[in-house]
Amino acid sequence: MKLSEKNIGLTFLMILFLSFANAQDKEQVKLVHGSHRVGKRTDEVMQKWRGYGLGQFIHWGLYAIPGGEWNGKQYDGAAEWIRSWNGIPKSTYDSLIYKFNPVNFNPEEWAGIAKNMGAKYVTITTKHHDGFCLWPSKYTSYTVAKSPWKKDVIGPLVDAYNKAGIDVILYFSIMDWNHPGWRYDIKTKSDSIAFEGFKKFTRNQLIELLTRYPTAKGLWFDGTWDKSWVKQAEFADELETEMRKLHPGLIIGSRFRADEFGKRHFDSNHVLMGDYEQGWERKLPNKIEDVHGNDWDCVMTVPENQWGYNKAWKGHIKTSNELIEMTAKAVSLGGNFVLNFGPKGDGSIRDEEKKLAAEIGNWMKVNNEAIYNCEYAGLEKQDWGYFTKKTGADKIHMIVCNIPVSGAYQVKLPAGTGISKAYLLTQPDERLNVEEIQSNAYFVHYKNTGADKPFVLVIETSSKVKGSGNSYEKAKT
Ligand code: JFZ
């Protein structure tokens with residue numbers, strides 16, 4: 001064979017291979033327990049969720065009593081994981097139930113702190129990995145009912161938050177270190193029998209929670225990564241269907257069930273499982289492509305990785321300005337920002353958290369227009385901060401986190417759109433000077449060098465009259 005013929009042959013083979021690979025690419029895996037929806041939910045409950053902007057997370061349970069310390073020694077991991085520490089016998093940890101007596105617990109005060117911060121929803125741990133239930137579950141004795149406190153904690157919290165106008169999401173850990181039937185994996189017949197019992201227990205508890213607290217808007221699942229649970233595609237899918245039927249509008253994130261190939265968050269066809277992506281834990285997306293057109297929220301701790309109360313916060317402690325910036329960034333990319341609180345064992349909230357909530361709240365009181373009911377603005381990110389667009393309006397907020405020394409804030413708009421008005425959110429009657437600097441690019445001029453917190457500029461946009469403004473020649477390159 002001559003070289004050229006060989007080349008043709010190779011090219012032919014290559015084309016054959018590429019078209020095969022391409023067909024393979026597009027081929028969908030047949031799934032019974034994959035995602036049951038493509039694209040976002042459009043109902044009112046979800047629209048409301050989408051507009052929350054800012055939320056609160058509460059991690060509270062028996063782990064708040066040791067607060068990250070045992071016999072004078074500091075545990076290295078997250079305080080709510082202290083039971084998994086070799087330094088503590090499990091039975092000793094479990095007997096903390098006899099010390100659960102939060103005499104300073106005041107649900108109205110908690111709700112007041114969240115409301116003042118500007119939170120529109122709260123996610124509360126009903127049961128964390130240790131298995132201790134903050135509601136008097138009928139299905140285990142490891143609950144508040146058997147503690148010196150005796151009373152339900154979840155009910156009063158749901159009522160107090162709802163009264164404050166804050167929606168409640170119930171956090172529930174599937175992994176349960178206290179239940180005798182729970183396993184990391186199922187390897188033997190006896191594991192399988194034990195885990196079947198655990199599955200019934202899990203279902204009963206979830207139905208119990210939804211029945212007891214019907215105003216809850218959703219469930220926030222956790223502890224679903226172990227092999228034992230990942231193998232339960234059919235059971236989890238059926239349970240999800242049952243819960244959605246019992247509670248129309250229920251919001252469930254992507255951290256609940258796996259498909260029949262064990263894929264979590266996104267099924268084997270890369271479609272989101274659940275109503276929003278629950279993978280943004282202590283991190284934020286950087287660009288809109290990172291969220292793949294899905295709903296999402298980011299859950300964030302104040303120190304590095306402590307959710308439950310830890311007496312000795314270590315590492316960098318975030319400031320209110322950082323947390324405000326994170327909220328702005330989350331909303332600018334179409335998500336919600338959820339800040340965690342870890343109340344103490346006696347039921348009080350630590351001063352550092354109260355102070356941060358108050359500072360964020362002071363900012364939110366002035367600037368919440370740029371956070372609530374806002375969405376991704378579709379504009380190119382600029383160095384001064386974050387754009388958020390009021391949903392359903394031609395109003396764009398510019399949340400300024402880095403002040404340009406020039407006092408000139410760059411904005412690029414789509415062709416055919418112009419700026420009809422620009423002003424400081426707090427001074428709507430004073431127009432700011434807008435200068436067109438290139439085709440579809442503008443400077444909003446605002447001199448301010450003294451701000452010690454982010455502030456908000458507003459631009460109202462409208463379609464541009466053709467031929468108006470300057471015409472700019474493109475460079476020939
Ligand atoms: C889990 C819990 O283990 C932790 O105690 C806390 O409740 C937190 C909100 O959730 O921790 C996780 C779960 C998932 C990831 C990281 C930590 N993850 O997906 O990167």
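Helix α4 passes helix α5 in a right-handed crossing. The model is predicted. A second pair, α6 and α8, also has a right-handed crossing. Two packed helices are described by the angle between their axes and the distance between the axes.

**α4 with α5**

- Helix α4 covers residues 107-117, and helix α5 covers residues 154-163.
- Their axes come within 8 Å and cross at roughly 40°.
- α4 and α5 are therefore oblique to each other.
- On the α4 side, the contact uses Pro107, Glu108, Trp110, Ala111 and Ala114.
- These meet Pro156, Leu157, Ala160 and Tyr161 of α5.
- By class, the residues of this contact are eight nonpolar, no polar and one charged.
- Glu108 of α4 is the charged residue, because Glu counts as charged.

**α6 with α8**

- Helix α6 runs over residues 189-212, and helix α8 over residues 233-246.
- The two axes come within 11 Å, with a crossing angle of roughly 15°.
- Angles under 35 degrees count as roughly parallel, so α6 is roughly parallel to α8.
- From α6, the contact takes Lys199, Arg203, Leu206, Ile207, Leu210 and Thr211.
- From α8, Phe235, Leu239, Glu242, Met243 and Leu246 take part.
- The contact of α6 with α8 holds seven nonpolar, one polar and three charged residues.
- Lys199 and Arg203 of α6 and Glu242 of α8 are the charged residues, because Lys, Arg and Glu count as charged.

Key. Residues are numbered from 1 along each chain as its sequence is written. This is a predicted model: local features need pLDDT of at least 70, side-chain atom pairs count only at pLDDT 80 or more; totals for chains, interfaces and linings use all residues. Side-chain values use heavy atoms; hydrogens and water are left out. Axes are lines fitted to C-alpha atoms, for helices over the stretch in contact, and angles run from 0 to 180 degrees between N-to-C directions. Helices (H or I, at least four residues) and strands (E, at least two) are DSSP runs, numbered from the N terminus. Angles under 35 degrees count as roughly parallel, over 145 as roughly antiparallel, 65 to 115 as roughly perpendicular and the rest as oblique. A crossing is left-handed if the near helix is turned anticlockwise from the far one by less than a right angle, and right-handed if clockwise. Contact means heavy atoms within 4.5 Å.
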